[in-house]
Amino acid sequence: MTDFKIIMTPQNPTPQRVAAAFSLKELAPRKFATALREKNFVPFIEGVQRNWRNWLSTMKKAGYDALDSKKFGYARNCPPVLVSSAVDGAVGPNVRLVPCRLPACPFCHARSVMKVQKSLAAAISNFEECDIKFDSCDRAATSLLSCVESLDSLWDDQSTDVGSISKRVFWFEDDADDVSPPLAPSPTPTLLSYMGRLSCIQINPTWRAQLPYSRFYFAYDMKKESLNAEMGVIAKYIGITFSYPSRLLYLLGDTEALSFAHMLNMLHKNKQRFYRTTGVCRQNHTAVREDKAATWRENFSKQLDTILSELSDIKEVLQRYKGNNDGI
Ligand SMILES: [Zn+2]
């Protein structure tokens, strides 16, 4: 699959888009400020798309397994967020942009942040008032396993409450950046840090302490009567809490790319989960699913009713016809 020229046009802000926008801010803070001021995210997103496509080429070369298939093409053409996309010269439904769902994809990351916003908004609508805790921290470790374990244990402390949403992101930093570059690339360099970020939101937190080494912490007191007016503010906190670490997309060199590919292959092999919800946040999802199932059943039985009544009409007509014939 070749690269599509995706034509982007600005979109109006909604709470979901505000959350998505702030989650990508770290990628280009100055361009972000301009985009916010001018209410046009097209140049910002075009820049992110360029970086993402470069990243994919580098990572394919470095041996990131997920890119060994059609996925590479899909990922390069992953539908952007915060803009409306049209494919240049596309005729009819021949061209379909499909989210790539790669854990490092900034657009798919932003889409998952939109999902956080949706879950949280649905969950807090159940309360007349509630406390919302936004918390996010980074952990470094010398092995991927200990990095994963460290974030897991933090999540276990958090997830026992009424409603929690969490997301993990992993990346890699080469501690040798400041020193002279290594002579030959090696898939397992000795000086390295695996980095992980745990972001979480809790409704009515019973465990009030901040995460150790929080990079962002905020407690918000929500009252239902002002909820609609405050949705934009809450969305901004969601975005900052679930921010995409910019180091994920900016590879410093081939050595780092090799280590990065190794890390992502391991995460994929171990089927790591990156997004989790508990309590009232999860119940809401179930409710939505049940709603959908109910609608589907309703539609189905309506259609079935129509077919049955048509059949009985036909039967009646046939019987009448038969009756007429018998009379002759
Ligand atoms: Zn994607």
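## Close-up views of a predicted model

**View 1. The buried residues of helix H6 pack against S3, S4, S5 and H8.** Packing here rests on contacts, and two residues are in contact if their C-beta atoms, placed from the backbone, lie within 7 Å. Helices (H or I, at least four residues) and strands (E, at least two) are DSSP runs, numbered from the N terminus. A residue is buried if 20 or more other C-beta atoms lie within 10 Å of its own, exposed if 12 or fewer, and partly exposed in between, again with C-beta atoms placed from the backbone. This is a predicted model, in which local features need pLDDT of at least 70 and side-chain atom pairs count only at pLDDT 80 or more, while totals for chains, interfaces and linings use all residues. Residue numbers start from 1 along each chain, as its sequence is written.

View 2. Follow the helix through residues 144-158 and you will find Leu144, Cys147, Val148, Leu151, Leu154 and Gln158 buried. Seen down the axis of H6, these buried residues fall within an arc of 125°, so they line one face of the helix; the arc is that of the directions from the helix axis to the C-beta atoms. On the other side of H6, the exposed residues are Leu145, Ser153, Asp156 and Asp157. Asp157 counts as exposed because 11 C-beta neighbours lie inside 10 Å. Between the C-alpha atoms of Asp157 and Leu211 there are 9.6 Å, though the two are 54 residues apart along the chain. The expected span of a helix is 1.5 Å times one less than its number of residues.

**View 3. Five strands build an open, antiparallel sheet in the order S6-S3-S5-S4-S7.** Two strands pair if DSSP finds at least two bridges between them. At the edges are strand S6 (214-223) and strand S7 (275-278), each of which pairs on one side only. On average, and with direction ignored, neighbouring strands of this sheet are turned by 10° against each other. Axes are lines fitted to C-alpha atoms, for helices over the stretch in contact, and angles run from 0 to 180 degrees between N-to-C directions.

**View 4. Strand S3 pairs with S5 and with S6.** S3 (residues 129-141) and S5 (residues 193-203) are joined in the antiparallel sense over ten bridges. To find your bearings along this pairing, look for Ala140 opposite Met195 in S5 and Phe134 opposite Ile201 in S5. S3 and S6 also pair in the antiparallel sense, over nine bridges. There, Ile132 has Tyr220 in S6 as its bridge partner.

**View 5. Helices H5 and H7 pack on the sheet.** Helix H5 (residues 106-124) lies across S3, strand S4 (163-173), S5, S6 and S7, running at about 160° to S4. Helix H7 (residues 227-241) touches S3, S5 and S6, and its direction makes about 165° with that of S6.

View 6. In H8, the buried residues are Thr255, Glu256, Ala257, Leu258, Ser259, Phe260, Ala261 and Leu264. Their cover includes helix H3 (42-62) and S4. The 16 residues of H8 should span 22 Å at 1.5 Å a residue, and its end C-alpha atoms agree at 22 Å apart.

**View 7. Met59 sits in the largest nonpolar core.** A nonpolar core is a set of buried Ala, Val, Leu, Ile, Met, Phe, Trp, Tyr and Cys residues joined through C-beta atoms within 7 Å. Of the 72 residues in this core, Ala19, Met59 and Ile238 touch the most other members. Leaving aside neighbours within four places in sequence, Met59 is in contact with Tyr64, Leu67, Ala257, Phe260 and Ala261.

**View 8. Tyr213 and Lys271 are non-glycine residues with positive phi.** Tyr213, in the loop between S5 and S6, has a phi of about 60°. Tyr213 is exposed, with 9 other C-beta atoms within 10 Å.
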